[in-house]
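Biologist: Hello! Could you walk me through the model on the screen, one feature at a time?

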Amino acid sequence: MKNKDEEPKEYFERSILLVATVAISGVLLDWFSIKMLLDVNPWGSATAIPGLILTLQALTLIVNPYAIVYEDRFEIKQSLLYNREFYFLDFRGFDEKSKKLVYNDGDTENLPLLGMRASHKKLFKAKLAEKINESLKNRDF
């Protein structure tokens with residue numbers, strides 16, 4: 001059972017360009033849909049839905065960091081719909097060449113880093129490798 005009161009050890013931020021692009025496109029779609037609805041154009045309703053979704057996505061990107069590293073796990077909050085937790089106990093290693101996480105049974109999974117600041121990617125990979133190696137040393141199995 002995980003402890004929700006646990007303090008995060010490190011935060012890794014998003015790319016400012018990605019956040020600005022999503023926010024500007026959401027505001028533009030909202031503005032076009034309001035303009036169309038004021039002119040009594042039924043297409044305003046059709047453009048309002050993607051505009052609101054992009055606006056919510058932009059707010060989510062602004063409020064949440066991309067990745068949070070805890071003592072025993074890390075979370076990636078890539079978008080409004082993709083929030084995932086990974087536990088260090090589940091991994092055997094991190095492959096730098098293919099940028100994949102290697103599970104204990106040999107399966108691999110891509111590490112989604114699209115949207116993370118370029119300056120934080122190396123720090124994040126180093127922190128993951130450090131935490132996975134620390135977890136490997138402390139295991140009893």
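Here are some questions and answers about salt bridges, a pocket, a surface patch and some backbone angles.

Biologist: Before we start, what kind of model is this, and which pLDDT do local features need?

Modeller: Residues are numbered from 1 along each chain as its sequence is written, and side-chain values use heavy atoms, with hydrogens and water left out. This is a predicted model in which totals for chains, interfaces and linings use all residues, side-chain atom pairs count only at pLDDT 80 or more, and local features need pLDDT of at least 70.

Biologist: Thanks! How many salt bridges does the structure hold?

Modeller: A salt bridge here is a side-chain nitrogen of Lys or Arg within 4 Å of a carboxyl oxygen of Asp or Glu. By that rule, the number of salt bridges in the structure is nine.

Biologist: Take the salt bridge of Lys-127 and Glu-10: how many residues apart in sequence are the parts it ties together?

Modeller: The two side chains meet at 3.1 Å, N to O. Helices (H or I, at least four residues) and strands (E, at least two) are DSSP runs, numbered from the N terminus. Because Lys-127 lies in helix 3 and Glu-10 in strand 1 (residues 10-12), the pair ties together parts whose separation in sequence is 117 residues.

Biologist: And is Lys-127 buried or exposed?

Modeller: Buried means under 20% relative accessible area, exposed over 50%, and partly exposed in between (1.4 Å probe, protein chains only). Lys-127 has a relative accessibility of 14%, so it counts as buried.

Biologist: Which residue forms a salt bridge with Glu-71?

Modeller: The closest N and O atoms of this pair are 3.6 Å apart, and the partner of Glu-71 is Lys-131. The pair links distant parts of the chain, 60 residues apart: Glu-71 in the loop between strand 2 (67-69) and strand 3, and in helix 3 the partner, Lys-131.

Biologist: Now the largest pocket: what is its volume?

Modeller: On a 1 Å grid over the protein atoms alone, a pocket is an open set of points where a 1.4 Å probe fits, with protein on both sides within 12 Å along at least five of seven lines; lining residues have an atom within 4 Å of a point. A volume is the space filled by probe spheres set on the points. For the largest pocket, this comes to about 160 Å³.

Biologist: Which element gives the largest share of the lining of that largest pocket?

Modeller: Lining residues include Glu-71, Tyr-87, Phe-88, Lys-131 and Asn-138. By class, the lining has three nonpolar, two polar and four charged residues. The largest share, four residues, comes from helix 3 (residues 118-138).

Biologist: On the surface, what is the accessible area of the nonpolar patch that holds Leu-81?

Modeller: Leu-81 sits in the loop between strand 3 (73-77) and strand 4 (83-87), and it is exposed, with a relative accessible area of 83%. Nonpolar patches join side chains of Val, Leu, Ile, Met, Phe, Trp or Tyr within 5 Å, from residues with over 30% relative accessible area and no salt bridge. Leu-56, Leu-59, Ile-62, Val-63, Leu-80 and Leu-81 together have an accessible area of about 650 Å².

Biologist: Which phi does Val-40 have?

Modeller: Most residues other than glycine have a negative phi. Val-40 lies in the loop between helix 1 (16-38) and helix 2 (43-63), and it is exposed, with a relative accessible area of 72%. Although it is not a glycine, Val-40 has a positive phi of about 55 degrees.

Biologist: Last one: where is Lys-99, another residue with a positive phi?

Modeller: Phi of Lys-99 is near 55 degrees. At 42% relative accessibility, Lys-99 counts as partly exposed. Its place is in the loop between strand 5 (91-95) and strand 6 (100-103).

Definitions and conventions:
Patch = residues over 30% accessible without salt bridge, like charges linked within 9 Å, V, L, I, M, F, W, Y side chains within 5 Å. Areas by Shrake-Rupley, 256 points an atom, 1.4 Å probe, with all protein chains shown as cover. Nonpolar A, V, L, I, M, F, W, Y, C, P; charged D, E, K, R; others polar.
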